[in-house]
Amino acid sequence: MMRMKIIFVLYFTILLPLALAQLKVGFYKTSCPRAESIVKAAVQKRFNTDKSITAALLRMHFHDCFVRGCDASILIDSTNQSRSEKESGPNLTVLGYELIDEAKKALEKVCPSKVSCADIITLATRDSVVLAGGPSYDVPTGRRDGRVSNMNEVNLPGPSLSVSQAFQSFKDKGLTMDDMVTLLGGHTVGVAHCFFFSGRLTNFQGTGKPDPSMDAGLVTTLKGICGNGSNPKAFLDQGTSFSFDNEFYRQIRAKKGVMKIDQELADDRLSSGIVSRFASNANLFRTRFAQAMVKMGNIQVLVGNAGEIRKNCRVINSK
């Protein structure tokens with residue numbers, strides 16, 4: 001039995017690097033030379049009229065990679081036989097699917113069955129970050145699309161978790177505490193529906209008062225936002241909401257974290273030092289964000305002959 005375990009561990013540790021090695025920058029240089037420019041054009045068109053698309057794509061990419069790896073399983077529609085990841089609670093507010101559809105449609109006209117939906121998500125997210133003022137970075141491509149999407153497999157770290165609780169999910173994916181704090185910096189362009197944080201505004205943990213770790217002025221602002229309309233949303237960075245910068249870290253150091261996990265990043269000794277470094281060094285954050293995004297984009301990827309190249313990102317190919 002011990003021999004079998006050792007063989008499995010050796011197989012896994014050898015196979016994983018080999019799989020990741022098949023991702024490379026410029027993977028479509030020969031098979032579809034215009035692939036990246038076609039995706040970029042679709043993102044640019046959308047960004048021109050809707051700057052919130054950066055936050056939407058960052059969230060989609062994260063939610064995809066944390067369930068079955070970066071295989072575009074989040075894009076698959078439910079059928080009469082199965083309910084897909086889209087129908088899980090955390091994914092009900094994910095946006096941007098139509099942009100991926102538009103990019104895929106354009107790619108299929110030029111290079112049929114060549115560019116995966118998983119790579120489209122990854123490239124589009126990078127392009128949207130750049131348009132919002134964030135770092136430009138090379139994206140290794142060559143991912144293939146998964147053939148399974150099950151809503152019951154969606155188990156994502158929620159906004160009310162502690163730092164140590166949230167980190168367990170990141171650690172399970174091979175990411176470090178630094179990676180987690182860095183990736184959550186994407187909240188600099190993020191928004192959240194009020195139901196994700198309303199418990200902090202009035203009766204925090206049954207005290208009848210707001211969360212004492214939240215700035216009183218922010219409490220007043222958020223109460224005003226959440227008291228109007230149906231299912232309202234608030235910016236997670238109340239300073240430079242549509243700009244990709246390090247302002248998010250400055251905000252949470254000033255007790256202006258909207259979601260509990262955001263504020264905990266600044267308050268918990270496990271993460272506060274990283275927050276301080278990013279708050280005072282914008283270039284460091286930009287560099288680390290690019291690195292962390294590439295690392296996240298490598299989670300459990302399908303390569304070679306695994307999976308498929310979907311013709312329609314919403315539908316698994318017929319066998």
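At 30% relative accessibility, R147 counts as partly exposed, a class that lies between buried (under 20% relative accessible area) and exposed (over 50%), computed with a 1.4 Å probe on protein chains only. The model is predicted: local features need pLDDT of at least 70, side-chain atom pairs count only at pLDDT 80 or more, and totals for chains, interfaces and linings use all residues. Residues are numbered from 1 along each chain as its sequence is written, and side-chain values use heavy atoms, with hydrogens and water left out.

R147 pairs with E308 in a salt bridge, with N to O at 2.4 Å. A salt bridge here is a side-chain nitrogen of Lys or Arg within 4 Å of a carboxyl oxygen of Asp or Glu. E308 is buried, with a relative accessible area of 6%. Helices are DSSP runs (H or I, at least four residues), as are strands (E, at least two), and both are numbered from the N terminus.

The salt bridge count comes to 19. Side chains of opposite charge can pair when their charged atoms come close. D101 is partly exposed at 24% relative accessibility. R314 is also partly exposed, at 25%.

Another salt bridge joins R288 to D178, whose closest N and O atoms are 2.8 Å apart. R288 lies in helix 12 and D178 in helix 7 (residues 177–183), 110 residues apart. R288 is buried at 16% relative accessibility. D178 is partly exposed, with a relative accessible area of 23%. Shared partners also join salt bridges into one network of D77, K86, D101 and R314.

A disulfide is a covalent bond between the sulfur atoms of two cysteines. The cut-off applied is a pair of cysteine sulfur atoms within 2.5 Å. A search of the whole structure finds 4 disulfides. With bonded cysteines counted along the chain, their pattern is 1-4, 2-3, 5-8, 6-7.

C32 and C111 form one of them, with sulfur atoms 2.1 Å apart. C32 lies in the loop between helix 1 (2–21) and helix 2 (35–49), and C111 in the loop between helix 4 and helix 5, so the link ties together parts that are 79 residues apart in sequence. This link is right-handed, with 80° about the S-S bond. C32 is buried at 1% relative accessible area. C111 is buried at 6%.

C65 and C70 are joined by a disulfide with an S to S distance of 2.0 Å. The torsion about their S-S bond is about 120°, so the link is right-handed. Both C65 and C70 are buried.

The sulfur atoms of C117 and C313 lie 2.1 Å apart in a further disulfide. Here the torsion is about -95°, so the link is left-handed. C117 lies in helix 5 and C313 in the segment after helix 12, so the pair ties together parts that are 196 residues apart in sequence. Both C117 and C313 are buried.

The chain is divided into domain 1 (27–153) and domain 2 (163–296), with bounds from an automatic or database domain assignment. Their C-alpha centres lie 24 Å apart. In domain 1, 21 residues are in contact with 19 residues of domain 2, contact being heavy atoms within 4.5 Å. The two domains bury about 1,700 Å² between them, 76% of it on carbon and sulfur atoms. Buried area is the accessible area (1.4 Å probe) that two parts lose on being put together, summed over both. F66, P135 and Y137 of domain 1 lose the most area to domain 2, together 31% of what that side buries.

Between the domains, the count is 0 salt bridges. There are 4 residue pairs in polar contact, both residues at pLDDT 80 or more. A polar contact is a pair of N or O atoms within 3.5 Å; within protein, one must be able to donate a hydrogen and the other to accept it, and residues adjacent in sequence count only if both atoms are side-chain atoms. On the side of domain 1 that touches domain 2, helix 3 (53–65) and helix 5 are the elements that give two or more residues. Helix 3 gives the largest share, 7 residues.
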